[in-house]
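User: Please guide me through some local features of this structure, one at a time.

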Amino acid sequence: MKVLVTGAAGFIGAAVSHYLLERGDTVVGIDNLNDYYEVSLKEARVANIKDKAYASQFSFIEMGLEDRAKMESLFAEEKFDKVINLAAQAGVRYSLENPHAYVDSNLVGFVNILEGCRHNNVEHLVYASSSSVYGANESMPFSEKDNVDHQVSLYAASKKANELMAHTYSHLYNLPTTGLRFFTVYGPWGRPDMALFKFTKAILAGDEIAVYNYGNHRRDFTYIDDIVEGVIRALDNNAQPDESWDGMSPNPSTSKAPYRVYNIGAQTPVHLLSFIETLEKSLGIEAKKNLLPMQPGDVPDTYANVEALANDMGYKPTTSIEDGVEAFVQWYRDYYNI
């Protein structure tokens, strides 16, 4: 297949691109290489792809989703079979500081993706949603059948909006779309704004780590390889209409249109303090902790119910926290020569 991967210089996008290329697909990757976090890491991820034997199957274009003219030209010229949209302005806390960035990339940009798919006979659009859409919901584990109308950050609201927009295109234009709600992804080549990366950097430097909600958070930390497996399984199984869908008792995760929403998580929530202990053991250093109250826009716990993805596609996460954290630490020490 020829697959468009947006956000190809990102953490998940680069990992997904590697997988597709290894199995013989052709990948066109795009990314705007913005400076939300260190651009050099994004460039290194792309360079790592180009350094592999399958580099000839990969092309990379620096561009943003919000550039309508360029996006229209890209779709018209390349004629993609399928699209994986992983590009977005990420981060819950940053959305409190720079809301317009989320409108440009996550809303305007996503319309351009949908229009490109609609007008160019794309077989299936798989796109990144987020566990943050569950917002104020306290029913555990989070299920795709839960109500998700009470987001607590603009980032989360933009991801819920993507799901609504995708359903509209599935309904109006019979475009198969699958949304994936990712739960706290971590692992080698991860994002510097995420907890594991920030904690590792601070601990190795002898600095304090900021531990919000006094360490009482629980997060469904999900290793990158398990995330990629879920993305690829979703990509290879085009969303289908749910013939049993009932408008009198609607299932939010399916539709009479070819539309699906799935959780991707480890289904094993871990207390933040326990997660930090695992990192301390891997580093061989005890962290200096600054215990702080919960931040605006944050949620206390995340816990994924992945039954739907398991039943429909055989998804089964396999990486333990201990193995995943150790793999990240080894990568971090190697990448930064520490």
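User: Which residues does Asn106 touch, not counting residues up to four places away in sequence?
Analyst: This is a predicted model, in which local features need pLDDT of at least 70, side-chain atom pairs count only at pLDDT 80 or more, and totals for chains, interfaces and linings use all residues. Residues are numbered from 1 along each chain as its sequence is written, and side-chain values use heavy atoms, with hydrogens and water left out. Contact means heavy atoms within 4.5 Å. On that basis, the residues touched by Asn106 are Ala88, Gln89, Tyr155, Ser158 and Asn162.

User: Is Asn106 buried or exposed?
Analyst: Buried means under 20% relative accessible area, exposed over 50%, and partly exposed in between (1.4 Å probe, protein chains only). Because its relative accessibility is 2%, Asn106 counts as buried.

User: Which side chain does a polar contact of 3.0 Å join to that of Asn106?
Analyst: A polar contact is a pair of N or O atoms within 3.5 Å; within protein, one must be able to donate a hydrogen and the other to accept it, and residues adjacent in sequence count only if both atoms are side-chain atoms. At 3.0 Å, the partner of the Asn106 side chain is that of Ser158.

User: In which helix does Asn106 lie?
Analyst: Helices (H or I, at least four residues) are DSSP runs, numbered from the N terminus. The one that holds Asn106 spans residues 99-119 and is H5.

User: Which residues of H7 meet H9?
Analyst: Helix H7 covers residues 195-205 and helix H9 residues 272-283. On the H9 side are Leu272, Phe275, Ile276, Leu279 and Leu283. Their counterparts in H7 are Leu196, Phe199, Thr200, Ile203 and Leu204.

Note on methods: Axes are lines fitted to C-alpha atoms, for helices over the stretch in contact, and angles run from 0 to 180 degrees between N-to-C directions. Helices (H or I, at least four residues) and strands (E, at least two) are DSSP runs, numbered from the N terminus.
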